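The sequence and the model are shown first.

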Amino acid sequence: MCGIVGYVGPKPMKGVLLSGLRRLEYRGYDSAGIAVEQDDKLLLVKVTGKIHELEQRLAGVDMEGSAGIAHTRWATHGEPNDANAHPHTGCNDRIALVHNGIIENYQALRTLLLERGHHFSTKTDTEVLAHLIEEYLEKDEECPLDDAVRLALQEVDGTFGVVVIDHNNPGQLVVARRGSPIVLGVGENENFVGSDSAAFAEHTRDIIYLNDDEIATITASDYTVKTLQDEVCNPIVEEITWELDRIEKGGFDHFMLKEIHEQPQTVEDAMRGRVHPDLCEVKLGGLEEVHDILVSAERIIFTACGTSWHACLVARRLIEDFVRIPVEVEYASEFRYSRPVFNKGTVLFAVSQSGETADTLAALRLAKDEGIPVLGVVNSVGSTIARETDAGVYLHAGPEIGVASTKAFTSQVTVLSQIALLMGRLNGRLSKKRCEGILHEIVRLPGKIRSILDDTGSISEIAEVFGRVNNALYLGRGYNFPVALEGALKLKEISYIHAEGYPAAEMKHGPIALIDDDMPVVVLAPGDQIYPKVISNIEEIRARKGRILVIATEGNETIRDLADWVIFVPKTLDCFYPLLTVIPLQLLSYYVAVARGCDVDQPRNLAKSVTVE
Ligand code: F6R
């Protein structure tokens with residue numbers, strides 16, 4: 001949430017900062033701003049709206065200093081307007097800073113600063129930090145910028161990824177982090193800062209992940225990293241693992257559509273080198289060191305948010321089926337403030353695309369503090385959750401830019417399936433014969449996803465109808481109940497149509513009262529074991545004149561008599577249907593949103609990577 005860019009070096013400053021902001025716009029897009037130190041002055045421009053508004057405002061403006069910072073905002077404190085946009089300054093406009101996170105004690109600090117004669121020009125929590133830093137610098141003319149930032153940060157409670165610029169310290173940026181991601185980009189005679197490496201990936205592939213409670217000072221030719229307690233650190237320079245085309249639209253109208261179409265590839269990547277059907281083997285390098293923990297696991301807790309939580313619901317069935325141990329799936333935001341009972345043999349999995357979701361991170365820390373093994377299933381390499389878990393598996397899906405998660409879900413389910421298979425074989429409750437059959441099927445899934453994507457014509461036609469309704473219901477059972485939740489979430493978040501996901505049989509306990517001509521119902525009815533029961537649920541809807549879209553298995557021609565529309569998916573094993581049935585639902589929500597003229601990649605009020613709680 002919120003995108004941060006910083007640059008020190010000889011390249012045209014405005015261009016580097018704006019292109020970095022465009023790469024990060026998915027992290028927040030309600031206002032944006034830029035500050036450049038030029039000729040011992042700070043030039044500052046802030047606007048309400050998206051990056052293109054800022055670009056228009058800056059057209060023809062000379063902003064070519066030796067250090068600069070920029071920010072794209074997702075508002076927490078203070079409505080999105082020009083004043084509340086970052087960067088923020090103190091009373092004397094000596095320093096400017098951009099911030100991602102929340103200063104929890106900002107009210108108390110603001111009162112103290114007002115008493116000391118400061119005046120405030122915004123409603124944000126962040127502004128107090130600018131005043132504090134400026135105060136330290138002005139109290140002592142000799143105070144280095146990094147000391148002032150360090151001292152000011154000692155006074156704040158909360159989370160921060162922060163970058164500070166000072167016109168009295170030209171060509172320098174000070175960067176610090178606690179709880180909000182910050183990555184340094186190391187170039188030749190130039191250095192970068194970003195809230196993720198997409199901000200500068202076209203300039204350098206060498207990166208340093210700043211850890212919590214670290215502070216870095218960067219100039220064009222050098223960088224130093226210390227702890228907030230002033231101890232020198234030896235940061236490790238790593239390499240960006242994905243190619244630049246992963247953050248380009250590549251000819252698609254939207255990132256979301258591109259990412260939906262990437263799924264044959266990303267699902268394959270999620271099992272590359274890991275699945276060996278002929279050897280009846282799943283090799284997950286990231287979990288090898290914890291095989292003993294997996295063998296002796298007596299209970300699994302999954303924790304996650306949103307779409308990742310839905311993937312965990314699929315994983316619950318997979319693990320209960322293959323491993324035969326109890327599984328709980330917890331919303332991270334609830335779990336972190338509960339008093340969970342951990343017993344011997346409990347293992348916690350944190351599942352996250354971004355690896356930065358604040359609630360998921362807090363949930364895993366809670367378990368870790370209790371001595372529970374914490375494992376991760378994460379997409380973003382080097383992210384905080386990836387680093388704080390004891391071991392884990394990467395999705396290798398590449399950056400997901402569309403705010404609505406698509407390819408991450410299918411990669412999560414693919415990886416979680418492999419974890420379930422591995423655990424089932426390790427504890428001996430999954431027979432070799434059954435495992436062999438499942439592995440031979442899992443490798444066929446990319447081709448099956450591709451065949452769904454090759455024929456999307458009918459989906460865009462159905463979307464025309466769905467685009468005119470205000471409510472929709474999604475029903476599924478068994479492995480497909482989480483898909484119903486996911487389909488409903490996709491529709492509501494990008495097309496703003498109210499949608500509910502329900503277990504199909506729960507209908508008669510209440511929601512069936514809603515059924516009428518204006519409320520289409522999507523029913524997931526692939527040819528799995530629960531299919532006959534789902535058919536009875538479809539009949540109940542038909543009897544009440546509901547309009548029905550059924551997702552069914554190819555070859556089921558009789559279903560046409562029960563449905564207004566049918567979308568077919570190829571046949572697979574029951575446990576893998578979620579990887580196929582979700583694809584038409586992603587496409588449906590995409591085409592509905594386009595039909596309604598919605599901003600698919602940047603839906604209102606949302607942002608990618610929820611780094612605040
Ligand atoms: C929905 C969506 C969100 C995320 C959720 C968790 O399309 O993208 O619900 O799934 O914010 O994010 P991660 O997986 O990054 O922890």
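A salt bridge is counted here when a side-chain nitrogen of Lys or Arg lies within 4 Å of a carboxyl oxygen of Asp or Glu. By that rule, two salt bridges link domain 2 and domain 3. The model is predicted.

The domain assignment divides the protein chain into the following parts.

| Domain | Residues |
|---|---|
| domain 1 | 3–240 |
| domain 2 | 248–443 |
| domain 3 | 454–613 |

Taken over C-alpha atoms, the centres of domain 2 and domain 3 are 24 Å apart. The contact involves 43 residues of domain 2 and 35 residues of domain 3. About 3100 Å² is buried between domain 2 and domain 3, and carbon and sulfur atoms give 67% of that area.

On the side of domain 2 that touches domain 3, at least two residues each come from helix 6 (255–261), helix 9 (306–322), helix 11 (358–369), helix 13 (407–426) and helix 14 (432–442). Helix 9 gives the most to this side, with 10 residues. Sorted by class, the side of domain 2 that touches domain 3 comprises 18 nonpolar, 16 polar and nine charged residues.

Notes. Residues are numbered from 1 along each chain as its sequence is written. This is a predicted model: local features need pLDDT of at least 70, side-chain atom pairs count only at pLDDT 80 or more; totals for chains, interfaces and linings use all residues. Side-chain values use heavy atoms; hydrogens and water are left out. Domain bounds come from an automatic or database domain assignment. Contact means heavy atoms within 4.5 Å. Buried area is the accessible area (1.4 Å probe) that two parts lose on being put together, summed over both. Helices (H or I, at least four residues) and strands (E, at least two) are DSSP runs, numbered from the N terminus. Ala, Val, Leu, Ile, Met, Phe, Trp, Tyr, Cys and Pro count as nonpolar, Asp, Glu, Lys and Arg as charged, and the others, Gly among them, as polar.
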